[in-house]
Amino acid sequence: MWFLHQHVVESIVEDELNTLKARGNNHRDVLETSFDKITLEHIIRMESQTDTDVFIVNSNGDLVKSSNPNSHHIPKHFMNVNTSALPREGQILQSNWRKGEYLSTISPYDDGIGNTGFVFMIKKTDAIQGIITQLNYHFLIAAIVITIFMLITVFFLVNVLTKPLISMKEATRRISKGDFSVSLPVSTNDEVGELATSIQMLADDLNYLKKERNEFLASISHELRTPLTYIKGYADIAKRVETKEQERIKYLSIIHEEAGKVNHLLEELFELAKIDQNMFTIQKETIDLYVLLEAIIQKVIPVFSDKNMKIELNSDKPLKVSVDPLRIEQVLVNLLDNALKYSNSGTTTTINVKKKSRDIIIKVIDQGIGIPEEDILHIFDRLYRVEKSRSRLTGGVGLGLSIVKELVEAHGGEIAVSSTVGKGTTFTIRLKEK
């Protein structure tokens with residue numbers, strides 16, 4: 001505002017001076033064309049109607065004519081002018097409007113027939129100072145209005161930017177201390193809103209992971225406590241002297257079975273730990289998928305036969321695919337084991353394989369008890385079991401399908417499940433051909 005004010009004031013004064021000098025030059029041109037009494041009277045009459053005074057002085061320094069009837073002599077500040085070096089276009093004599101009483105210019109004239117001299121133009125600075133006073137007033141009003149708007153803007157920015165940032169700072173402090181139950185309202189679509197959304201998502205994810213960890217630990221504790229309780233209880237009975245040998249062998253068999261379950265649980269936990277820490281690798285090789293599936297079926301046929309169940313394979317052959325055969329076998333054995341556990345005697349489990357575009361689609365279809373719709377979304381969650389009673393008849397601990405999903409995704413594939421209660425379940429695996 002100060003710079004603009006100074007520039008405007010200088011422009012006003014400069015325009016006044018240029019106008020004053022231009023009028024003096026115009027009078028000079030008229031005198032050089034016709035230097036006579038009528039012309040002089042005309043010039044004087046013109047300036048007498050304005051707030052400007054004109055003094056026409058000859059080369060000897062004598063006053064020829066003046067528009068100010070009260071001035072019969074040359075003003076004192078004209079007496080010391082060096083007229084010998086005056087340019088043709090005239091010169092500004094007094095431009096200090098702050099301290100001077102007048103603004104003044106001088107224009108030399110020469111009509112070529114002996115009439116030479118100078119046209120002095122003077123203008124009081126009162127008018128300019130009045131204009132600048134009005135300008136100062138308007139600038140002051142503008143400065144006050146701008147200041148008010150600046151304060152409103154600052155207040156707005158403090159509320160829109162600072163307060164959300166303070167809220168986010170407090171939220172991150174609580175998150176760092178383990179309190180993930182934070183809530184950040186997102187009211188804008190700008191970068192601040194995106195940051196708040198990111199922090200909220202982080203808090204929600206951490207809160208979810210915290211709950212998952214607690215549930216995981218509780219489930220693992222339960223899964224370990226039950227077989228360990230059996231092992232300890234039957235071991236106490238088996239070591240008693242009065243226990244008969246036949247009963248001792250029975251109890252030792254139970255202990256051996258429960259120890260196997262604990263060992264199986266620990267193996268699956270180690271498998272998941274390796275997957276989470278990226279400590280396992282997928283060793284892909286090009287194989288005939290039909291041959292691999294035939295080999296897997298030969299391994300599981302005995303247990304299916306023991307339960308009076310059938311297993312069928314429908315697949316094109318040969319069917320070349322790039323996979324890790326050991327990991328794919330692990331996936332399919334897990335799925336077939338689920339079909340075996342949750343299907344009744346006399347049912348059939350089918351493996352359908354087909355090539356679609358550049359994808360290999362593997363479907364494992366059973367005729368089992370099915371999965372309730374509310375459980376479908378959680379079927380791949382760790383330690384999630386459809387059996388809420390945690391019956392130990394099936395021996396599952398809820399880790400198998402989690403491992404299956406991780407292994408399929410490690411191959412760059414996808415796995416999905418569809419099921420109808422009482423009719424069966426279908427697991428669909430989609431793998432890339434190469």
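Predicted model: local features only at pLDDT ≥ 70, side-chain atom pairs only at ≥ 80, totals over all residues.
Reader: What makes Leu 40 buried?

Author: Its relative accessible area is 10%. Buried means under 20%. Leu 40 is therefore buried.

Reader: Where is Leu 40 found, and what does Leu 40 touch?

Author: Leu 40 is found in helix α2, residues 37–48. Leaving out residues up to four places away in sequence, Leu 40 touches Leu 31, Ile 56, Val 64 and Lys 65. Val 64 is 24 residues from Leu 40 along the chain, and their C-alpha atoms are separated by 8.8 Å.

Reader: How do you know that Leu 40 touches Val 64, with the C-alpha atoms separated by 8.8 Å?

Author: The 8.8 Å is a C-alpha separation. Contact means heavy atoms within 4.5 Å. Leu 40 and Val 64 are listed as touching, so they have heavy atoms within 4.5 Å.

Reader: Which core includes Leu 40?

Author: First, the largest nonpolar core. It has 45 residues, and Leu 289, Val 353, Ile 362 and Ile 429 touch the most other members. Helix α6, residues 289–306, gives the most to this core, with eight residues. Leu 40 is in a second, separate core of 20 residues, which also includes Leu 20, Ile 44 and Leu 135. In soluble globular proteins, nonpolar side chains tend to be buried together.

Reader: What does Val 353 touch?

Author: Not counting residues up to four places away in sequence, Val 353 touches Leu 289, Leu 293, Leu 313, Asn 314, Ser 315, Asp 316, Leu 319, Ile 360, Ile 361 and Ile 362.

Reader: Why is Arg 28 called buried?

Author: Arg 28 has 5% relative accessibility. The cut-off is under 20%. Arg 28 therefore counts as buried.

Reader: What does the side chain of Arg 28 reach?

Author: The side chain of Arg 28 reaches the backbone oxygen of Arg 88 at 2.6 Å. A polar contact needs N or O atoms within 3.5 Å. The 2.6 Å distance is therefore within that limit. Leaving aside neighbours within four places in sequence, Arg 28 is also in contact with Ser 107, Pro 108, Tyr 109 and Val 119.

Reader: Which helix holds Arg 28, and which residues of that helix are buried?

Author: Arg 28 lies in helix α1. The buried residues of α1 include His 5, Val 9, Leu 20, Arg 28 and Leu 31. The buried residues of α1 pack against α2, β1, β3, β4, β5 and α3.

Reader: How do you know that the span of α1 is close to the expected one?

Author: α1 has 32 residues.

Reader: Which strands does α1 lie across?

Author: Helix α1 lies across β1, β3, β4 and β5, running at about 25° to β4. An open sheet of five strands has the order β2-β1-β5-β4-β3, with antiparallel pairing.

Reader: What makes β2 and β3 edge strands?

Author: Each pairs on one side only. β3 pairs with β4 in the antiparallel sense over three bridges. Two strands pair if there are at least two bridges between them, so β3 and β4 qualify.

Reader: How many bridges join β11 to β12?

Author: Seven bridges join them, and the strands run antiparallel. Thr 420 stands opposite Gly 424 in β12.

Reader: Why are Asn 308 and Ser 357 called exposed?

Author: Exposed means over 50%. Asn 308 has 52% relative accessibility, so Asn 308 counts as exposed. Ser 357 has 65%, so Ser 357 is exposed.

Reader: What is the phi of Asn 308, and of Ser 357?

Author: Most residues other than glycine have a negative phi. Asn 308, in the loop between α6 and β7, has a positive phi of about 60°. Ser 357, in the loop between β9 and β10, has a positive phi near 60°.

Notes
Residues numbered from 1 in each chain as written. Heavy atoms only, no water. Helix = DSSP H or I, 4+ residues; strand = E, 2+ residues; numbered from the N terminus. Axes fitted to C-alpha atoms, helices over the stretch in contact; angles between N-to-C directions. Buried < 20%, exposed > 50% of the residue type's maximum accessible area, 1.4 Å probe, protein only. Core = buried A, V, L, I, M, F, W, Y, C linked by side-chain atoms within 4.5 Å. Expected span 1.5 Å × (residues − 1). Polar contact = N/O pair within 3.5 Å; in protein donor to acceptor, adjacent residues only side chain to side chain.
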